[in-house]
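Dear colleague,

I am handing over the structure we spoke of, and I would be glad if you could look it over alongside the notes below.

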Amino acid sequence: MTSSSALPEKAGRTCHNVVNPFHSTHYFAPELSEEMAKLGLDNRSAGYFACRGAAMGAVGPGTITATFYNFKHELIAQHVPHVWTVTTPQDVLDARLRATDATLRRLLGPEAVESPEMAEAAELALRAAEACTRRARPLYAAHADLPVPEAPHLAYWHAATLLREHRGDGHLIALLDAELDGLEALVTHTASGRGMSHKGVLATRGWSEEDWQDAQERLRSRGLLDEAGELTEAGILLRKELERKTDRLDRAPYEHLGSEGVARLTELATGFTTAAMNAGAFPAALFGK
């Protein structure tokens, strides 16, 4: 294992920022909607809650709200546990993997999917995930119990999922410590220019415009947001501290991989993620201010 001092500052975060989108491509893909519809889940939110939560089993709305954090509970309760009367977690997991396979082949093409570089990325990401821990990380722990797919592009996607959920679980700990609820976290992230757009949040998370404005007022009362809805200096510092704390809680996989491995995984992941984005993997209207 390489010590953390050998890693450049923010190397783990930089790596995560290019690995994570590779996992996320399927959420916006028509292939996932088609696979979920075959199971009887033709509502986009229902399909999302089912496919991301399926690794935990047929859980109820409370568990989904707790682990997903920034969705309105009432939206989740519209679909969960009803989704488990329509299909099963295992059928959802199988469908999700089929959708991911089709999505990646469409976005990247067969040459990239079957390339030595893809196999190398899978090996590096899986090696990093060896150092992830299950304690207090429910979404990561559930996905860590799933088998690793044989195909390299699916193995890399699986490893990206593990690294994403591991960091995400840690980030929720940081949000709780900062006393930000789910919507306040979204509002501050959007104001930073790095999160989903205002429109994207309201379209996907179940919150209303009134909910959004109420959250803004709570943040203003704490001195984190100004009247224009922008982060104050205190708000900027809070977002930076959130990322630093998340980095600290997520350092183990990247320490384990070491500086050379992290640099190589970042290089490979950047290439694959850039190709997917250039192929239209993500709807621009949902992201950025």
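Predicted model: local features only at pLDDT ≥ 70, side-chain atom pairs only at ≥ 80, totals over all residues.

Residues are numbered from 1 along each chain as its sequence is written, and side-chain values use heavy atoms, with hydrogens and water left out.

The structure holds 24 salt bridges (a side-chain nitrogen of Lys or Arg within 4 Å of a carboxyl oxygen of Asp or Glu). One of them joins Glu120 to Arg264, with the closest N and O atoms 2.9 Å apart, and this pair links distant parts of the chain, since Glu120 lies in helix α9 and Arg264 in helix α16, 144 residues apart (helices are DSSP runs of H or I, at least four residues, numbered from the N terminus). Another brings together Lys245 and Asp177 at 2.3 Å, N to O, and here Lys245 is buried at 18% relative accessible area (buried means under 20%, with a 1.4 Å probe and protein chains only). Arg13, Arg167, Arg239, Glu243, Asp247 and Asp250 are linked in a network of salt bridges.

Lys72, found in the loop between α4 and α5, lies 13 Å from Ala185, C-alpha to C-alpha, although 113 residues separate the two in sequence.

Conventions
Helix = DSSP H or I, 4+ residues; strand = E, 2+ residues; numbered from the N terminus. Buried < 20%, exposed > 50% of the residue type's maximum accessible area, 1.4 Å probe, protein only.
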